[in-house]
Amino acid sequence: LKTRGSVFLSEISYSIYLLHAVVLYLSFSIIWPPQESQSQEGFMMLTPVIGIAVVLISTLTYSFIEKPFMNLGKKLSRKNN
């Protein structure tokens, strides 16, 4: 598990954990609400798109929120020692 893809996904895994439920909720309740005419196949076809969206949003939140605050925490802990 030392490939670039594995390392990247492990870095953003907490963001994925936090955001996947929100993206799923928005996708299936607001963007694509269930209707009687829609079948389960329609939902299943949307699953890869939702997965890609979760990874993209998680990448952004990791890059612009998580990582800067982790770096700030490291700097502050160095100053206190």
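Modeller: The protein has three helices and zero strands. Helices (H or I, at least four residues) and strands (E, at least two) are DSSP runs, numbered from the N terminus. The radius of gyration is 17 Å, well over the 12 Å that the globule rule gives for 81 residues, so the protein is more spread out than a compact globule. That radius is taken over C-alpha atoms, and the rule is 2.2 Å times the number of residues to the power 0.38. This is a predicted model: local features need pLDDT of at least 70, side-chain atom pairs need 80 or more, and totals for chains, interfaces and linings use all residues. Residues are numbered from 1 along each chain as its sequence is written, and side-chain values use heavy atoms, without hydrogens or water.

Of the 81 residues, 15% count as buried. Buried means under 20% relative accessible area, exposed over 50%, partly exposed in between (1.4 Å probe, protein chains only).

Now the patches. Leu60, Phe64, Ile65, Phe69, Leu72 and Leu76 make a nonpolar surface patch of about 650 Å². Patch residues have over 30% relative accessible area and no salt bridge; nonpolar side chains (Val, Leu, Ile, Met, Phe, Trp, Tyr) are joined within 5 Å, like charges within 9 Å. A salt bridge puts a side-chain nitrogen of Lys or Arg within 4 Å of a carboxyl oxygen of Asp or Glu. Leu76 lies in helix α3, residues 40–80. Leu76 counts as partly exposed because its relative accessibility is 44%.

Lys67, Lys74, Lys75, Arg78 and Lys79 form a positive surface patch. Lys79 lies in helix α3. At 68% relative accessibility, Lys79 counts as exposed.

Key: Areas by Shrake-Rupley, 256 points an atom, 1.4 Å probe, with all protein chains shown as cover. Lys, Arg positive; Asp, Glu negative; His and termini not counted. Charge placed at Lys NZ, Arg CZ, Asp CG, Glu CD.
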